[in-house]
Amino acid sequence: MSHNHRNSLQKPKNATAFKQTRKVQFKPVTKNKKSLELAARHLNDDDEDMDGVGTSSSFKRRGSPRPMMKGNHSHPQQRKLIQSFYGWYHVAITALNKNEVNKDELWTYIMSQLNHHIIPMHWKLDNATIVFYVNDFTAAEKLLHLGSKKLLMPDNSRIIIKVRAGYPSVTLDDAYKEKMKLVMAKRYNAAGRSLDLSKFNEDPDFSTMFCGLFHGPIFKEAIEIISQNIPDLEILLINDNKISRIDNISFSAKLPNLKSLNIANNRIQNIATLSICFKDCQLLDLTMKGNPFVDKLRQRYRNEVAKKFPTVKMLDGEQLVSTENNITTLPPAKASFFCQIEGTEIVKQFLAQYFLILDSANRAPLADAYHADALLSVTIPPAGQAGRIESIWKNNRNFMRIVPDPETFRAKQLKVGRNSIVGFLCDFPKTAHNLQTFAVDMCLFTPKILSFNVAGLFKEIDSGETKPIRYFHRQFIIVPNGSGFCIKNELLLVTSGHGPQLKEGAQLIV
Amino acid sequence: MDDPAVKKLFEECNKTAQKFTSLYYQAFDKRRHDLGTLYLDNGLLVWNGNGATGRDQIQSAVLQLPTTSHRLNTLDAQPIIDETTVGQATFCITCGGTVKYNGHDVKPFQQSFIITADGDKFRIVSDIYRVQDALFAQ
């Protein structure tokens, strides 16, 4: 093997010439020792040419997702091997001044220098170059390190070692397929109609062979083998295989009975291509966590899966229920809810008294309705939604208001104790409520604490000519006090009437 | 309010109300099948006057509602400081905004919660939800 060294040593006349002369040839065209050495040195310093050096002609670089080894271009000894994503490394060992090499001799020499046991896989002798693969990072690193030294064989021939990330390109011949089939058969559970191909290439039976399912043709072959031998397969596990894409396979045609698929912990980027491959499959159980697209979709993940895999009931071991539904009917609204019927009377009495005083000229008696340490606060939606409710705007405690010091602001806006609360209520614009418009929901009724909500319409009767229709929503926390009850917490939300409320409110409240 | 412990409780209340509501509406709109987990075992949801008691009933009730999109624009909260809540932070929250139910117009809604510390999480004791004009629109 060699580069077309003569051409590579000549300065190209122009770009086109350069392109043409750079064509890699695998037959040596000269036996000139010096030019060979120079060519090799040149290549050694040039990562771009890695394809040409010591690589089998079937290896493809262009468009390959395999990461390139990045190295320091000027000092080979400073090169560091970047851990390959797939865990495989391509190694080329060249004896420089030889056209043919005794591979045993070369191999024995390398092993004597390396001090590390390696299992060379898919090895090939290409004239004076041994090409093989290892799936052991330490071995690859040691080989690279060894290659950074000046290596001379006993007969003084110089040795060049090149290491980079890369996995073998395999020929799917009958022998290879047969081996795959044997390993798959071993992993098949006939009773469960289930096939476990997880961490496939880590199977001990593949200790000297590359069979990564992330390599498209191998994956395709695996599916083909299943289709021909166990077409009634129901459960398939292909998790933890570094698979980055699956396409151009129709699983519904190949595995028509597939019900459960585990494809977790792979490198799949895109759910769309996946869903096309599994179109028309009657998948019930799907495990996909640990793929990049899952993180990318984040909270949309489960909905997307529900949409794209409509038959799936279990996703990642949990029931899959889509929040996307076709329901458009809302349950009819009810005017009241009481968690306990006994609470009804108390609430009715309370409301009648409270709003009678609130709508009266003198609100001061409301002080008796509040606990000495009672809290009251008011929220008003932004002017954009409800119009600016000027009369009480200054009391607005809305947490969503952007203020310089939120904690201080919120403390200041809170009405604490009877005086402060009654002060606020007395300042509140004069009102007219109509209990007929109220919705009452009681959610807590115990001897020690009760809570209910009241919402309804009122008219601001002293706001000049306009007398706007408003809507309030009050949350009350009530505790026993003497023979009666008093308010401990009150959260009041005031907004403008909406839609039909405006017309009805105007009719109902005089 | 000047007591440092009370001040701390108010700060926790404010922070929790914001975190809780953000989580709640995200779950309601995007992961409604998980909404039930935010309630106490015996929690209560009252949706427009329709009550559902207990996590399972609540979960199945919310799954029967159309797909939603909520936008919150008001939020307020207070701690409940009472002998019944001693040693267990309990907050009342009232908030509001707009909601779009699939097949319906965007409408204002208001909602009130009581949430309480349950181990290291806050869970919903009660949840009262009202679409503002629901009683009038029927």
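Me: What share of the contacts in chain A between residues at least 6 apart in sequence join residues at least 24 apart?
Reply: The share is 68%. Two residues are in contact if their C-beta atoms, placed from the backbone, lie within 7 Å. This is a predicted model, in which local features need pLDDT of at least 70 and side-chain atom pairs count only at pLDDT 80 or more, while totals for chains, interfaces and linings use all residues. Residues are numbered from 1 along each chain as its sequence is written, and chains are lettered from A and ligands numbered from 1 in the order in which they are written.

Me: Why is A:Pro217 called exposed?
Reply: A:Pro217 has 11 other C-beta atoms within 10 Å. A residue is exposed if that count is 12 or fewer, buried if it is 20 or more, and partly exposed in between, with C-beta atoms placed from the backbone. A:Pro217 therefore counts as exposed. Of the 510 residues of chain A, 33% count as buried.

Me: Where is A:Pro217 placed?
Reply: A:Pro217 belongs to helix 7 (residues 216-229) of chain A. Helices (H or I, at least four residues) and strands (E, at least two) are DSSP runs, numbered from the N terminus.

Me: What makes strand 2 and strand 3 of chain A a pair?
Reply: 4 bridges join strand 2 to strand 3 (residues 129-134) of chain A. Two strands pair if DSSP finds at least two bridges between them, so these strands pair. They run antiparallel.
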